[in-house]
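I wanted to page through this one and jot down what I looked up. Here is the structure, with my notes below.

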Amino acid sequence: MSNAVQAEVLSARDVPLGGPRSMTVRRTLPQRARTLIGAWCFVDHYGPDDVADTGGMDVAPHPHTGLQTVSWLFTGEIEHRDSLGSHAFVRPGELNLMTGGHGISHTEVSTPSTTVLHGVQLWVALPDEHRHADRDFQHYAPTPVQVDGVEVRVFLGELAGDTSPVRTFTPLLGAELVLEPHATTTLTVDAGFEHGLLVDQGRVTMAGTLLNPSELGYLAPGHDILTLTNETDTAARLILLGGPPFGEEIIMWWNFIGRTHADIARAREDWMTGNRFGVVKGYDGDPLPAPELPNVPLKPRGRVR
Ligand code: MN
């Protein structure tokens, strides 16, 4: 009989992003079983997609409030523009962290030179006291760290002796790991954090649980060591997320995070008729209209455990 800790396995569902040819993403967060891992509240995983088939990414101006977005690529390039005036290129291994705060709008378009698009889009919920923060955009390219069979790129927080300088509103961990074939690695982590491990490539055992590609393994707080084994004979690529349990209920609807139905209704109204979210310059196309609100009040999720 094994006393190995079992991680919870969160499977992905396919979500079409819309548009004529429509790129599809694999979404593991949020889902019925789980709303948040730390402040991480949204995990979309896509590719490798041949953009000749999918049309690539072309997301027209749309708003965000109450959250930060993280774009992290494995392959390809995305052109980012936002209403702060930021114009940046998202490239593999480079963090682009956009703070929506009270309100921002942005566009994301894969560049003409991109033939294969492969990466993740992640959201971070802002704590109540900072959810109306100023809009912001930070870029950071971590230097890879080699330890014990794994190459680590720490884009947020601290891992494997490396610390990201990027400011967050709650303690967070975000890192890309590339684990050598059949390697086992032991990483020291914060026991106060809960963790999520997204498998991009390979099959990996975490805390005695086998995770297949596109699955997100969840581990509750209480572990100061994370043992990962690559069960395959090729390199495994993973995204490790973590943070202390968020401790607040949130409402996520479309591109907004609030605390009440009224927060969301106001944000929707402000996007459709106001100037709260600013204007994106340099994008050829119309802003995305918000969907209609449901007829029943939106309910908070992410109850404190
Ligand atoms: Mn967005």
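Predicted model: local features only at pLDDT ≥ 70, side-chain atom pairs only at ≥ 80, totals over all residues.

I started with the salt bridge of arginine 259 and glutamate 248, whose closest N and O atoms sit 2.7 Å apart. (A salt bridge is a side-chain nitrogen of Lys or Arg within 4 Å of a carboxyl oxygen of Asp or Glu.) Arginine 259 is in the loop between strand 26 (256-258) and helix 2 (261-273), and glutamate 248 is in the loop between strand 24 (236-243) and strand 25 (251-253), eleven residues apart. Helices (H or I, at least four residues) and strands (E, at least two) are DSSP runs, numbered from the N terminus. Arginine 259 is buried at 14% relative accessibility; buried means under 20% relative accessible area, exposed over 50%, partly exposed in between (1.4 Å probe, protein chains only).

Residues are numbered from 1 along each chain as its sequence is written, and side-chain values use heavy atoms, with hydrogens and water left out.

Next I checked arginine 268, which forms a salt bridge with glutamate 292 at 3.6 Å between the closest N and O atoms. Arginine 268 is buried at 12%, while glutamate 292 is exposed at 66%.

Last, I looked at the manganese ion: His62, His64 and His106 coordinate it through NE2, at 2.1 to 2.2 Å. Donors are N, O and S atoms within 2.8 Å of the metal (3.2 Å for Na, K and Ca); water is not among the atoms, so sites may look incomplete.
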